[in-house]
Amino acid sequence: MNHFFAYLDRMKLIRRWGLMRNTVPENDMEHSMQTALIAHGLAALGRVRFGREVDPERVVMLALYHDAGEVITGDLPTPVKYKTPSIQDAYGELERHAKEQLLEMLPEDLRPCFTPYVQPDETAYEWKLVKAADRISAYLKCIEEEKMGNRDFMQAKATIRQSIGAFDLPEVQAFMAEFVPSFSLSPDELSL
């Protein structure tokens, strides 16, 4: 018996934003799907507009698995995860171990099919797109909460926006300019 997919299915039980009051709860599975959609958009922009040699479908797969290890570790809130270098290093080691544990739940002959997505090359351009998509997804969560009148996400929104601006990727800035403003609109405004 192999538990890999049963564990991944538990991503829907991992709550995000644990230190924040949420008007709309979010889980890792929802977040991974949104991150994958955004990452696909970033890769398409990169390839079409900026001449990047990138496979958008590979980027989607990286994004779908980007938080897979959290089915073992849970989602540690960002202010805790990055509080000190020693906590950051310890959590990085915990994440690596969790990803190895997850891969060991696969039959040995299938592990090579999943390893590039569960344990990606974090220096690759594709991974940078996923990390940017991850931040954009967090920013969109802040916009959603703000629309619902939740002021708890105001500081997070500003901090996350600043981190997105630091990505030296024109496709990220193009996505922010062309697609993100629509997320502030109501359904009626989107229909116009």
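The lining of the second largest pocket comprises, by class, 5 nonpolar, 2 polar and 5 charged residues, where Ala, Val, Leu, Ile, Met, Phe, Trp, Tyr, Cys and Pro count as nonpolar, Asp, Glu, Lys and Arg as charged, and the others, Gly among them, as polar. The model is a predicted one, in which local features need pLDDT of at least 70 and side-chain atom pairs count only at pLDDT 80 or more, while totals for chains, interfaces and linings use all residues. Residues are numbered from 1 along each chain as its sequence is written, and side-chain values use heavy atoms, with hydrogens and water left out.

**Pockets and cavity**

The residues that line this second pocket are V24, P25, E26, E30, Q34, S137, L140, K141, I143, E144, K147 and F183. Pockets and cavities are found on a 1 Å grid over the protein atoms alone: a cavity is a set of points where a 1.4 Å probe fits but cannot get out, a pocket is an open set with protein on both sides within 12 Å along at least five of seven lines, and lining residues have an atom within 4 Å of a point. Grid points are joined across faces, edges and corners, and a volume is the space filled by probe spheres set on the points.

| Space | Volume |
|---|---|
| Largest pocket | About 1100 Å³ |
| Second largest pocket | About 200 Å³ |
| Largest cavity | About 30 Å³ |

The largest pocket is lined by 39 residues, of which T78, K81, Y82, K131 and D134 are the closest to its centre. Two or more lining residues come from each of α4 (70–73), α5 (78–81), α6, α8 and α9, and α6 gives the most, with 7 residues. By class, the lining of this largest pocket has 14 nonpolar, 12 polar and 13 charged residues.

A search of the whole structure finds 1 cavity of 30 Å³ or more. R58, L62, P120, D121, A124, E126 and W127 line the largest cavity, with α3 and α8 each supplying at least two of the lining residues. This lining holds 4 nonpolar, no polar and 3 charged residues.

**Core and buried residues**

Leaving aside neighbours within four places in sequence, Y65 is in contact (heavy atoms within 4.5 Å) with F4, F5, L8, F114, Y117 and V118.

Within α7, F114, Y117 and V118 are buried, a term for under 20% relative accessible area, with exposed meaning over 50% and partly exposed in between (1.4 Å probe, protein chains only). Seen down the axis of α7, these buried residues fall within an arc of 90°, so they line one face of the helix; the arc is that of the directions from the helix axis to the C-beta atoms. The cover over the buried residues of α7 includes α1, α3 and α6.

S32 has its place in helix α2 and counts as buried because its relative accessibility is 2%. Not counting residues up to four places away in sequence, S32 touches M11, A63, L64, H66 and D67.

Notes:
Helices (H or I, at least four residues) and strands (E, at least two) are DSSP runs, numbered from the N terminus.
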